[in-house]
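I opened this model to look up its salt bridges. My notes follow.

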Amino acid sequence: MASTHPSDILVFAAAALTALIAAQSVRHVSSGRPELAATARWLGVGLVAWSAVAILAATISFFPQKTTFVDGDLPSFLALNTLIMMLPGIFVVAALASERVRAVAWLVPAYALIGIHVYRLGGGAIVQLGLEGLLPPYMAYTTGFGDMIVGATALPIAVGMYRGWRGARIAAGAWAAFGLLEFTNAVVAVQLSFFGVLQPDIAPAMVGFPPMSTISLFQLPFGVMTHIWLLMRLRRGLA
C-alpha cells in the first residue's frame, strides 16, 4: 500500500472537485433539453466515478520503487497505461455509439472547457517532486510549470470566450494546443524512459505512486479529452 503525504490530499481534492464541477456543468447545459437529461446525468456519474477510481488507486503502488524501473515492471506499466486510456476510450465509444452523448458534449461551451482547467495550477506539486528528487528534472519542471501556465491562463481566456473578446478564439486555440503539447511531453518522457530510450538518473516511476497516479489516471485523460474537444468546437466555429 502506498503511503500518502498530506499534500497529496490537495491533488485528490482537485480531482474530486473537478469531476463534480464537470458533472454539474454537463447537467446544467442540458437542462433545457429534457430528452438529454438522463444522458447528461449518466455522463456526470461516470466522471465522478472515475475520479473516485483514480483517488482509490493512490492506496496502491504500481511499482516497487519510486525512482527506477526494474525487471518485472512491465505488467504493472501496461496496466497503468490501460487504466489511463480507459476514460477517453469509454467516452469515444459512447460518443460514436450514441447521438445523445454527442449532443450533450456539443452543448458544453468553450469557456467551461477552458475554465475548469484552473485545477492545473496544482502543477506545483509536480515541481516539488522534482525538487525532492522523485522525478527527473526535465519532466518535473516542464510538466509542472507547463501545468501552472495552463492553469493560470485558463480563467482569463475563459472569460474572454464568454464575453466574446476580440482574439479570444485565437488565444483559446493556442492555449489548447499548448496544453496538449505539454501532456504529450509528459507521456512521451515516461514511455521512452521505461523502454530505455531515455535513461535519466531518476526514472519517472513516481507516476505509479500518489499523487502522480491520481494525476495520471484522472487529470491527464480528462485534460486531453477536454483540449481535443475544445479544438473541435473551435474548428466548427462554436463558442
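**Salt bridges**

I searched for salt bridges and found three in the structure. I keep in mind that the model is predicted.

**Entry: Arg-33 and Glu-35**

I looked at Arg-33 and Glu-35 to begin with. Their side chains form a salt bridge, with N to O at 2.5 Å. Arg-33 comes out at 34%, so I log Arg-33 as partly exposed. Glu-35 also has 34% relative accessibility, so Glu-35 goes down as partly exposed too.

**Entry: Arg-120 and Asp-147**

I moved on to Arg-120. Arg-120 pairs with Asp-147 in a salt bridge, and their closest N and O atoms are 3.0 Å apart. I then noted where the partners sit. Arg-120 is in the loop between helix 5 (110–115) and helix 6 (124–131), while Asp-147 belongs to helix 7 (residues 137–163). The two are 27 residues apart, and the pair links distant parts of the chain. I looked up burial here as well: Arg-120 and Asp-147 are both buried.

**Entry: Arg-120 and Glu-182**

Which residue meets Arg-120 in a salt bridge at 2.5 Å, N to O? I found Glu-182, through its side chain. Glu-182 lies in helix 8 (residues 168–194) and Arg-120 in the loop between helix 5 and helix 6, so this pair ties together parts 62 residues apart in sequence. I recorded Glu-182 as buried, like Arg-120.

**Entry: the network**

I put the Arg-120 contacts together. Salt bridges link Arg-120, Asp-147 and Glu-182 in a network.

Conventions
Residues numbered from 1 in each chain as written. Predicted model: local features only at pLDDT ≥ 70, side-chain atom pairs only at ≥ 80, totals over all residues. Heavy atoms only, no water. Salt bridge = Lys/Arg side-chain N within 4 Å of Asp/Glu carboxyl O. Buried < 20%, exposed > 50% of the residue type's maximum accessible area, 1.4 Å probe, protein only. Helix = DSSP H or I, 4+ residues; strand = E, 2+ residues; numbered from the N terminus.
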